[in-house]
Amino acid sequence: MKRLQKLETASILRLTFAAFTLAFFIAALIAPDRADMLGGFIRICTLPAQLTKDYFKPELGGLSASMLNTGLLSLICTALTLLPGTTVNGVTALAWFLTIGFGTFGMNPVNMLPLMLGTFVYARIRREPFARYIHFAMFSTGVAPIITQVLLYYPDAAAGPRVTPLGVALALGVGIFVGCAMPGLCAHSPGFHKGYNLYNAGPAAGFLCFLLYAVLYKTLGVEAPAIEASLGEGHPLFVNAFCGTMFALCVIAGLIVNGGPGDYKKLLLDPGFRVDFAQKYSAGSVLINLGVYGLFILLYYNVIGANFTGPTMGVVFCMVCCFAAGATPRNVLPIMLGYGAMGLLHRLGVTAFAVNSQALVVGLCYASGLAPIAGEYGLLAGVFAGILHYCLVTSVPAIHGGFNLYNGGFTSGIVAFLYVPVLEHYVKKRVES
């Protein structure tokens, strides 16, 4: 225990990544459908990955195959954090959890690796170590579904999955293009949302997908696949047991490392604007926030009656990913209240989508990226940010064909672009009041 308490935050985060990776592999081996694990994994790697495909659904993968897929993604991302010269901080943790969250919908090693190869090529072009760009390698995977499409289904999706020289060339070409473009776009992205969208890669991936979708389909006259959700029945017991156990263990580990909850109280009061909790607070406090925030998310999805499909489990991790980069239960709660308010209007017949519909369960995940608005401008500003996100998130997929896994993060960027300048003009920040 004393040895654990002496570890640096970067080492604690690496151990956390390794622990979750091991947990996913164990879950794959004990899942009830483990006999079909390998067959399901092949289906995950070869079927279309466009939003929203539930890998828990037996026809698309299955529970055991989804855990295997997530474990493999976790293993690849963890290996990147072990490269010599790699800096592991809050952004790395965000990229790691965000990427592995798509192991249950939208991503697999086949459509991930060409994009990471693109970032490696970018590092070679700049003659710099790839270790400096591992978080960009992970962020670039936000457009993974389009790799599956061009590799196996382009230009004639009706012909079924097949590997052709054209498909391989397109997959590598798109992967290298995205991998080389993403670092520059991510660097420019804060100017678009002024730092108020924790999912900084969301606008970058969104606009890249918009461009690729327009060129590959609209410009060339190729028929684009319809945006159709394919969802299973859900596994609430499995998801709650797995996530609840892992997040509770994070709280316990954080208390051991930190020696007490005192520093976490300071973290909880932080507005979350342009901050790296991993550098500002103790490793124990960061771990406690991972656990508490994760349990908080899980509680919300249970309260609203979400169906615990693969996408629901995935967005638990995609949402908790900001635990070291600015998100806490305190500054995310107003965003949730905004979604809840629109859910009440749905019950009155005013709005079209229930708050526990799959689209809005996923949408809320990325709406949480607007947490700094609540932290800086207060409760009501955060609630209205959640309302704006609710209104936009289901309309955005039409412009990128459903190929952007960061659809909600892209939406958060648009909300911040429209909303923050108005706030700056009319509302004082909490610290200025």
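**Close-up views of a predicted model**

Helix 4 and helix 6 run roughly parallel to each other.

**View A. Packing of helix 4 against helix 6 in the predicted model.** Helix 4 spans residues 63-81 and packs with helix 6 at an angle of about 20°. The axes of these two helices lie 11 Å apart. Because angles under 35 degrees count as roughly parallel, helix 4 and helix 6 are described as roughly parallel. Their crossing is right-handed.

**View B. A nonpolar surface patch to which helix 6 and helix 9 contribute.** The patch covers about 400 Å² and is made by L117, F120, V163, V168 and L172. Two or more of its residues come from helix 6 (109-126), and two or more come from helix 9 (165-193).

**View C. L117 in helix 6.** L117, one of the residues that make the nonpolar patch, is found in helix 6. The relative accessible area of L117 is 34%. Buried residues have under 20% and exposed residues over 50%, so L117 is classed as partly exposed.

**View D. Packing of helix 11 against helix 14.** Helix 11 comprises residues 236-258, and helix 14 comprises residues 283-303. The two helices pack at an angle of about 155°, with their axes 7 Å apart. Since angles over 145 degrees count as roughly antiparallel, helix 11 is roughly antiparallel to helix 14. The crossing of helix 11 and helix 14 is left-handed.

Conventions
Residues numbered from 1 in each chain as written. Predicted model: local features only at pLDDT ≥ 70, side-chain atom pairs only at ≥ 80, totals over all residues. Heavy atoms only, no water. Patch = residues over 30% accessible without salt bridge, like charges linked within 9 Å, V, L, I, M, F, W, Y side chains within 5 Å. Areas by Shrake-Rupley, 256 points an atom, 1.4 Å probe, with all protein chains shown as cover. Salt bridge = Lys/Arg side-chain N within 4 Å of Asp/Glu carboxyl O. Helix = DSSP H or I, 4+ residues; strand = E, 2+ residues; numbered from the N terminus. Buried < 20%, exposed > 50% of the residue type's maximum accessible area, 1.4 Å probe, protein only. Axes fitted to C-alpha atoms, helices over the stretch in contact; angles between N-to-C directions. Parallel < 35°, antiparallel > 145°, perpendicular 65-115°, else oblique. Left-handed = near helix turned anticlockwise from the far one by under 90°.
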